[in-house]
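Here's a quick briefing to read alongside the model.

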Amino acid sequence: MSDATLHAVNQDPDDFAVQIADQIESFIVAVTEVAKGDEPDSAVPFLLLEFSQLMLAGGRLGAHEDILPDERYEPDLGPEPDVDDLRERFAVILEPIDVYSEVFDPYEPRKAPVASRISDDIAGVVTDLRHGLAHYSAGRTTEALWWWQFSYFSNWGSTASATLRALQSLVAHVRLDQPLPALDGLDTDQDLSEDALAEEAGKVMVEEIAAPLGLRTQVASPLA
């Protein structure tokens, strides 16, 4: 199946594989457009919407019975498309609010939060989704569904849900007029203690997040 037949009119729009592929392709197209930076003021709200819709596809894959590939070994797709440009563009667009704090597994006792970057998360999710889309475009529908389901459980599902929580938190802080202290050089490569990470991660002044979110016309006073 070529890219030209990805949306062939003879495909059943009610087919599970078609719906999942459409949702995934729509997500990739949308975030690629946001990365162009033409409308930076609406970047975060758009990303919030797109990740919310993507998680619906992920939930459907997660609730589905186990999907087994047609072949024992995954066909070679060649080198993965480069996502460095996408990552770098989002790092620029989201610079004041790119870093956030996340607990990787809520069921692991005393698990310390880790610092993550929304720009890295977007690039990683797109990489996983494109991998399955390459199978789908080549006509290997079962292989594509297997990959999307497997990688939902093993990688992109947890990454996308963490990103969604970060984006929702950003919008909530602005809409509810709950400014955060200034971001102070947190780096994901730093070896920070749990207390230090909790103190540093996600510290963003409302002056810095109001404009990128495009949700406020006036800036609230910073915290004392």
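Predicted model: local features only at pLDDT ≥ 70, side-chain atom pairs only at ≥ 80, totals over all residues.

W147 has a relative accessibility of 14%, so it counts as buried, the cut-off being under 20%.

**Aromatic pairs**

- The pair count for the model comes to 7 aromatic pairs.
- Take Y136 and W148: their ring centres are 6.2 Å apart and the planes make an angle of 35°, so this pair is tilted.
- Y136 belongs to helix α4 and W148 to helix α5, so the pair ties together parts that are 12 residues apart in sequence.
- Buried or exposed, what are Y136 and W148? Both are buried.
- W147 and F150 make another tilted pair, with 6.0 Å from centre to centre and 50° between the planes.
- Those two residues are 3 apart in helix α5, which means about one helical turn separates them.
- In general, an α-helix has 3.6 residues a turn, so residues three or four places apart point the same way.
- W147 and F150 also share one aromatic cluster with W146.

- How far apart are the end C-alpha atoms of α5? The helix covers residues 141–175, 35 residues in total, yet those end atoms are only 42 Å apart.
- A straight helix would reach 51 Å at 1.5 Å a residue, so α5 falls short of that.
- After α5 comes D177, with a positive phi near 55°.

**S151, also in α5**

- S151 is another residue of helix α5, and with a relative accessible area of 1% it is buried.
- Leaving out residues up to four places away in sequence, S151 touches D128, W156 and G157.
- Between the C-alpha atoms of S151 and V125 there are 9.5 Å, though the two residues are 26 apart along the chain.

**Helix α4**

- α4 has 20 residues and spans 28 Å from first C-alpha to last, close to the 28 Å expected at 1.5 Å a residue.
- This helix is mostly covered, with 15 of its 20 residues buried.
- G139 follows α4 and has a positive phi, near 90°.

**A21, in α1**

- A21 is in helix α1, and its relative accessibility of 1% makes it count as buried.
- Which residues does A21 touch, if those up to four places away in sequence are not counted? They are L133, Y136 and W148, and Y136 and W148 are the two rings of the tilted pair above.
- In sequence, A21 and W148 are 127 residues apart, while their C-alpha atoms are 9.5 Å apart in space.

**Helix α3 and its two sides**

- Which residues of α3 (84–93) are buried? L86, F90 and I93 are.
- Looking down the axis of α3, the buried residues fall within an arc of 60°, so they line one face of the helix.
- On the face turned away from that buried side, α3 carries the exposed residues E88 and V92.
- The cover over the buried residues of α3 includes α1 (16–35), α2 (43–63) and α4 (118–137).

**The chain as a whole**

- The chain has 7 helices and 2 strands.
- Read from the N terminus, the order of elements is α-α-α-β-β-α-α-α-α.
- There are 224 residues in the chain, and 42% of them count as buried.
- Take the contacts between residues at least 6 apart in sequence: 73% of them join residues at least 24 apart.
- Accessible surface for the chain is about 12200 Å², and carbon and sulfur atoms account for 52% of that.

Methods
Residues numbered from 1 in each chain as written. Heavy atoms only, no water. Buried < 20%, exposed > 50% of the residue type's maximum accessible area, 1.4 Å probe, protein only. Helix = DSSP H or I, 4+ residues; strand = E, 2+ residues; numbered from the N terminus. Arc of directions from axis to C-beta. Contact = heavy atoms within 4.5 Å. Phe/Tyr/Trp six-rings, centres within 6.5 Å; stacked < 30°, edge-to-face > 60°. Areas by Shrake-Rupley, 256 points an atom, 1.4 Å probe, with all protein chains shown as cover.
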